[in-house]
Amino acid sequence: MSQRLHGKVALVSGAARGQGRSHAVRLAQEGADIIAFDVCRQLDTVPYPMAVPEDLAETVKLVEGLDRRIIASEADVRDSAALQALVDEGVREFGRLDVVCANAGIAGFAKNTWTMTEDQWEEMIAVNLTGVWKTVKAAVPAMIQAGNGGSIIITSSTAGLKGFPSAAHYVSAKHGLVGLMRTLVNELAPHFIRVNTVHPTGVNTPMIVNDFMAKVLARGGSSFNLQNALPVEMVEPVDISNAIISLSSEEGRYITGASLPVDAGYLQR
């Protein structure tokens, strides 16, 4: 590997499996040490199996197998105190923080917007939007204090670019991340910290490839079409990770305020 991030430290949320694990491994392959966390338990409104502690342990094993250091914690992205404690521990151990991959998120559906339960709405917004804000809130002061600049990459979705029926809570959260990114761009530019969003469509991860999602996709027909613009059924997690490496490394040193589709599919409104 080219070691484009040699000497850097990266924080990755939702790191136990899927895109988060892929990001942690790719960042480590490029020379970064990793601060990782995931909730590693089932949330009440999530209709598919979530990550477990063994998944996070596997991420640790993979990163250490690349001869990189990693601090990993079972932490809820909604828990500000836990996130701050983890960031503080990581900075004490590694001496700096350069990259934030705000990746943690959940998915879910309801029949329509007005029959969605309050619990479904509130948990989705708390994890997918407020959780990203809490991640950034915990990380940014250390990045500013270090004075090395850096890169924050927020995982949005194709649903952050267009609407989908039966997923108002998810779509609202993912659109909200774009507004958060655009605000942070202006606030953090004086510190040479870049902020961007990535917008994957269907990605081959356990959040998408499971029995529940298979039933939803079959029932919804074209309304839930995850089809890419390119002739591939799904992109792989490493495809998102490679975009994150580009945005985090020197080759992306002046890219900020971008909403980067990783094959955003058909952008009908």
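User: Is Cys101 buried or exposed?

Analyst: Buried means under 20% relative accessible area, exposed over 50%, and partly exposed in between, with a 1.4 Å probe and protein chains only. At 1% relative accessibility, Cys101 counts as buried. This is a predicted model, in which local features need pLDDT of at least 70 and side-chain atom pairs count only at pLDDT 80 or more, whereas totals for chains, interfaces and linings use all residues. Residues are numbered from 1 along each chain as its sequence is written, and side-chain values use heavy atoms, with hydrogens and water left out.

User: How many disulfides does the structure hold?

Analyst: A disulfide is a pair of cysteine sulfur atoms within 2.5 Å. The structure holds zero disulfides. For Cys101, the closest cysteine sulfur is that of Cys40, at 17 Å, which is too far for a bond. Cys40 is also buried, with a relative accessibility of 7%.

User: How is the packing of two helices described?

Analyst: Two packed helices are described by the angle between their axes and the distance between the axes. Axes are lines fitted to C-alpha atoms, for helices over the stretch in contact, and angles run from 0 to 180 degrees between N-to-C directions. The helices (H or I, at least four residues) and strands (E, at least two) are DSSP runs, numbered from the N terminus. Helix α1 (residues 18–29) packs with helix α7 (residues 237–248) at about 50 degrees, and their axes are 8 Å apart. That angle makes α1 oblique to α7. For such terms, angles under 35 degrees count as roughly parallel, over 145 as roughly antiparallel, 65 to 115 as roughly perpendicular and the rest as oblique.

User: What is the handedness of the crossing of α1 and α7, and which residues make the contact?

Analyst: A crossing is left-handed if the near helix is turned anticlockwise from the far one by less than a right angle, and right-handed if clockwise. The crossing of α1 and α7 is right-handed. Contact means heavy atoms within 4.5 Å. From α1 the contact draws on Gly18, Gln19, Ser22, His23, Arg26 and Leu27, and from α7 on Pro237, Val238, Ile240, Ser241, Asn242, Ile244 and Ile245. By class, this contact of α1 with α7 has six nonpolar, six polar and one charged residues. In that classification Ala, Val, Leu, Ile, Met, Phe, Trp, Tyr, Cys and Pro count as nonpolar, Asp, Glu, Lys and Arg as charged, and the others, Gly among them, as polar.

User: At what angle do α4 and α5 cross?

Analyst: Helix α4 (residues 118–146) and helix α5 (residues 168–188) cross at roughly 20 degrees, and their axes come within 8 Å. The two helices α4 and α5 are therefore roughly parallel to each other, and their crossing is right-handed. Among the residues that meet are Trp121, Met124, Leu129 and Trp133 in α4 and Tyr170, Leu177, Leu180 and Leu184 in α5. The residues of the contact of α4 with α5 divide into 16 nonpolar, five polar and one charged.

User: Which residues make the contact of α3 with α4?

Analyst: Helix α3 (residues 80–94) and α4 pack at about 30 degrees, with axes 9 Å apart. That makes α3 roughly parallel to α4. Ser80, Leu83, Gln84, Val87 and Val91 of α3 make the contact with Lys134, Thr135, Lys137, Ala138, Ala139 and Ala142 of α4. Here the classes are six nonpolar, three polar and two charged. Val87 of α3 is buried at 2% relative accessibility. Leaving aside neighbours within four places in sequence, Val87 is in contact with Leu11, Leu97, Ala138 and Ala139.

User: Where is Val99 placed, and which residues does Val99 touch?

Analyst: Val99 is in strand β4 (residues 99–102) and is buried, with a relative accessible area of 2%. Not counting residues up to four places away in sequence, Val99 touches Val9, Ala10, Leu11, Leu27, Met143, Ser151, Ile153 and Ser248. Val99 and Ile245 are 146 residues apart in sequence and 9.8 Å apart in space, C-alpha to C-alpha.

User: What is the phi of Asp67?

Analyst: Phi of Asp67 is near 65 degrees, a positive value in a residue other than glycine. Asp67 lies in the loop between α2 (53–64) and β3 (70–74) and is exposed, with a relative accessible area of 65%. Gln3, in the segment before β1 (9–13), has a positive phi near 60 degrees and is partly exposed at 34%.
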